[in-house]
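Dear colleague,

I am passing on a structure that you have not worked with before, and I would be glad if you could look through it. My notes on what was found follow directly after it.

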Amino acid sequence: MNHGATYIPACVCLLCRQLVGARDRVKNGLTKLLETNILIDNMKVELVALEPELKQKSEDTEVLMDKLAVDQLQADAVWTQSLLLFSDHVPGGRL
């Protein structure tokens with residue numbers, strides 16, 4: 001007989017280990033969620049700070065696209081005019 005020693009069945013020890021493991025997984029999951037929330041908050045601050053710059057770049061891009069459209073129309077007109085002039089110098093007037 002064991003005097004003063006407490007007998008803990010093996011199934012209780014297994015249950016305790018499982019509970020500790022589950023607790024640790026929950027703790028790790030909550031830590032990851034907290035870290036993720038901190039990262040998201042930092043990204044929100046950065047995005048707000050970048051908003052004026054992004055808006056300006058978007059406006060600049062729109063102006064550039066409009067200019068490119070005008071330049072393309074002018075280039076097409078020059079190309080068409082060149083073809084017409086060239087066709088006038090080709091015997092039979094055909095290309």
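Of the 95 residues in the protein, buried ones make up 1%, where buried means under 20% relative accessible area, exposed means over 50%, and partly exposed covers what lies in between (1.4 Å probe, protein chains only). Please keep in mind that this is a predicted model, in which local features need pLDDT of at least 70 and side-chain atom pairs count only at pLDDT 80 or more, while totals for chains, interfaces and linings use all residues. Residues are numbered from 1 along each chain as its sequence is written, and side-chain values use heavy atoms, with hydrogens and water left out.

The protein exposes about 9000 Å², and carbon and sulfur atoms supply 66% of that area; accessible areas come from the Shrake-Rupley method with a 1.4 Å probe, and for residues only the protein chains shown count as cover. The secondary structure comes to 1 helix and 0 strands, with helices (H or I, at least four residues) and strands (E, at least two) taken as DSSP runs and numbered from the N terminus. Helix H1 covers residues 10–88.

On salt bridges, the count comes to 3, each being a side-chain nitrogen of Lys or Arg within 4 Å of a carboxyl oxygen of Asp or Glu. In one of them Lys67 and Asp71 meet with 2.9 Å from N to O; both residues lie in helix H1, 4 residues apart, which is about one turn of the helix. Lys67 is partly exposed at 48% relative accessible area, and Asp71 also counts as partly exposed, at 29%. Another salt bridge joins Glu35 to Lys32, with the closest N and O atoms 3.9 Å apart, and these two residues stand 3 residues apart in helix H1, a separation of about one helical turn. Here Glu35 is partly exposed at 40% relative accessibility, whereas Lys32 is exposed at 53%. Asp24 and Arg23 also form a salt bridge, their closest N and O atoms being 3.2 Å apart; Asp24 is partly exposed, with a relative accessible area of 32%, while Arg23 counts as exposed at 52%.

Patches are made of residues with over 30% relative accessible area and no salt bridge, like charges being joined within 9 Å and nonpolar side chains (Val, Leu, Ile, Met, Phe, Trp, Tyr) within 5 Å. Val26, Leu30 and Leu33 make a nonpolar patch of about 300 Å², and Val26 has its place in helix H1. A negative patch is formed by Glu59, Asp60, Glu62 and Asp66; for charges, Lys and Arg count as positive and Asp and Glu as negative, with His and the chain ends not counted, and the place of a charge is taken as NZ of Lys, CZ of Arg, CG of Asp or CD of Glu. Glu59 is found in helix H1 and is partly exposed at 38% relative accessibility.

As for the cysteines, the structure holds 0 disulfides, a disulfide being a pair of cysteine sulfur atoms within 2.5 Å. The sulfur of Cys11 has its closest cysteine sulfur in Cys13, 8.4 Å away and therefore too far for a bond, and Cys11 is exposed at 55% relative accessibility. For the sulfur of Cys16 the closest cysteine sulfur is likewise in Cys13, at 6.4 Å, which is again too far for a bond, and Cys16 counts as partly exposed at 43%.

With kind regards
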